[in-house]
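Morning, everyone. Let me put the model on the screen, and then we'll go from the interface to the sheet.

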There are 2 protein chains.
Amino acid sequence: MEYNEAKDKFINAWGTLGSNWGINKAMAQIHALLLMATEPMSAEEIMEELQMSRGNVNMNLRALMDWGIVKKEHKVGERKEFFSAGKDVWELAKQVSRERRRREIEPIIQVLGEFQNVTGDDKKAVAEFKKLTSDLYDFSSKVDGMIEKFSKSDQTWFYKLLMKI
Amino acid sequence: MEYNEAKDKFINAWGTLGSNWGINKAMAQIHALLLMATEPMSAEEIMEELQMSRGNVNMNLRALMDWGIVKKEHKVGERKEFFSAGKDVWELAKQVSRERRRREIEPIIQVLGEFQNVTGDDKKAVAEFKKLTSDLYDFSSKVDGMIEKFSKSDQTWFYKLLMKI
DNA sequence: TCTAACGTTCAAATATTTCTGAAAGTTTCA
DNA sequence: TGAAACTTTCAGAAATATTTGAACGTTAGA
């Protein structure tokens with residue numbers, strides 16, 4: 001496969017993957033482009049390559065920086081800002097799981113916890129509801145703990161874990 | 001907290017959680033309702049409780065059955081169809097991870113594999129691209145393997161794993 | 001201070017996804 | 001077979017999410 005074809009394919013695949021996971025397509029595509037870039041890129045260059053508006057690129061670059069997976073850089077003698085994505089897949093995975101944990105798992109655990117003191121006339125329904133939410137709470141907490149551990153661990157730990165599985 | 005308040009809150013939280021993960025809100029809400037229900041429910045009852053149209057309920061029930069997390073049932077002497085969601089959180093987690101693996105991880109591994117024979121003039125870019133996609137491939141394959149193992153395992157295995165972590 | 005070169009914002013336009021409801025299809029049973 | 005009781009489908013409507021681009025803000029250096 002020719003490089004340019006592969007490049008497009010990769011950017012598209014990354015965009016689709018992102019959509020499946022609640023990340024918008026433009027954001028995922030910019031990330032893909034930066035992952036592939038051999039040098040940091042300016043907003044201008046990204047606009048050009050992905051045929052996106054200035055506003056869109058700016059907005060999504062900021063979102064990517066919020067996620068901690070893209071960094072802003074400055075080149076000496078250049079006024080423009082440049083952007084780059086870390087190339088370390090391991091670090092990327094850790095960072096993404098850290099953020100999703102914070103943004104999505106923590107809130108649900110929070111809510112589930114509040115259901116422990118539900119009251120009501122329909123004893124059966126209340127009992128089943130408490131059982132359900134408490135099971136969900138336990139499970140989520142365990143997953144939460146695992147991800148926390150994972151996102152602080154190093155690659156060696158992960159490979160050792162894989163061996164045990 | 002009063003049961004009815006908790007019920008609404010749970011249905012809403014589940015809906016929001018779903019949206020974050022690329023599952024549509026109505027689908028997640030129907031699932032939440034069935035999770036809480038002490039008896040299987042008919043489409044009619046779901047429409048009523050969630051104030052949704054017949055078409056919407058029908059469509060999303062089918063999607064939930066596709067995911068394998070809702071089952072159709074028949075009551076003796078009743079013409080109507082009834083629906084229920086498994087109450088076992090462990091089974092639910094396994095089923096969801098099995099489906100997401102199949103729908104999302106498998107395709108990306110597929111695509112990444114195709115990049116191994118990329119050619120092009122810019123040697124540096126090609127080399128870096130191959131490195132990147134091969135790293136992603138390795139990592140995804142490992143995660144894929146883990147999830148496969150997980151989705152076939154029993155709860156005991158999972159708890160033992162948690163201990164080791 | 002002024003201005004060119006950039007970065008940021010946001011209201012409006014577009015695109016995408018989801019939802020509705022009525023019509024069409026199916027099943028059961030008298 | 002006929003018709004009541006359901007379920008399914010799908011075109012158009014509504015709701016959401018994304019994108020644009022032009023106006024506004026900021027900064028560095030002349």
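A:Lys124 and B:Glu39 meet through their side chains in a salt bridge, 3.7 Å from N to O. Salt bridge here means a side-chain nitrogen of Lys or Arg within 4 Å of a carboxyl oxygen of Asp or Glu. Between chain A and chain B the count is four salt bridges. Polar contacts there come to 14 residue pairs, with both residues at pLDDT 80 or more. A polar contact is a pair of N or O atoms within 3.5 Å; within protein, one must be able to donate a hydrogen and the other to accept it, and residues adjacent in sequence count only if both atoms are side-chain atoms.

Which helices of chain A each supply at least two residues of the side that touches chain B? They are α1 (3–20), α2 (25–36), α5 (89–114), α6 (123–152) and α7 (155–164). α6(A) gives the most, with 14 residues. Helices (H or I, at least four residues) and strands (E, at least two) are DSSP runs, numbered from the N terminus. By class, this side of chain A has 33 nonpolar, seven polar and 13 charged residues. Nonpolar covers Ala, Val, Leu, Ile, Met, Phe, Trp, Tyr, Cys and Pro; charged is Asp, Glu, Lys and Arg; the others, Gly among them, are polar.

A word on conventions. This is a predicted model: local features need pLDDT of at least 70, side-chain atom pairs count only at pLDDT 80 or more, and totals for chains, interfaces and linings use all residues. Residues are numbered from 1 along each chain as its sequence is written, chains are lettered from A and ligands numbered from 1 in the order written, and side-chain values use heavy atoms, leaving out hydrogens and water.

Now the totals. 53 residues of chain A are in contact (heavy atoms within 4.5 Å) with 53 residues of chain B. The buried area is about 5000 Å², and carbon and sulfur atoms give 76% of that. Buried area is the accessible area (1.4 Å probe) lost on putting the two parts together, summed over both.

Next, inside chain A. A:Arg103 forms a salt bridge with A:Glu99, closest N and O atoms 3.0 Å apart. The two are about one helical turn apart, because they sit four residues apart in helix α5 of chain A.

Last, the sheet in chain B. Three strands form an open sheet, order β1-β3-β2, with antiparallel pairing. Pairing needs at least two DSSP bridges between two strands. The edge strands are β1 (41–42) and β2 (70–74) of chain B. Five bridges join β2(B) to β3 (residues 81–85) of chain B.
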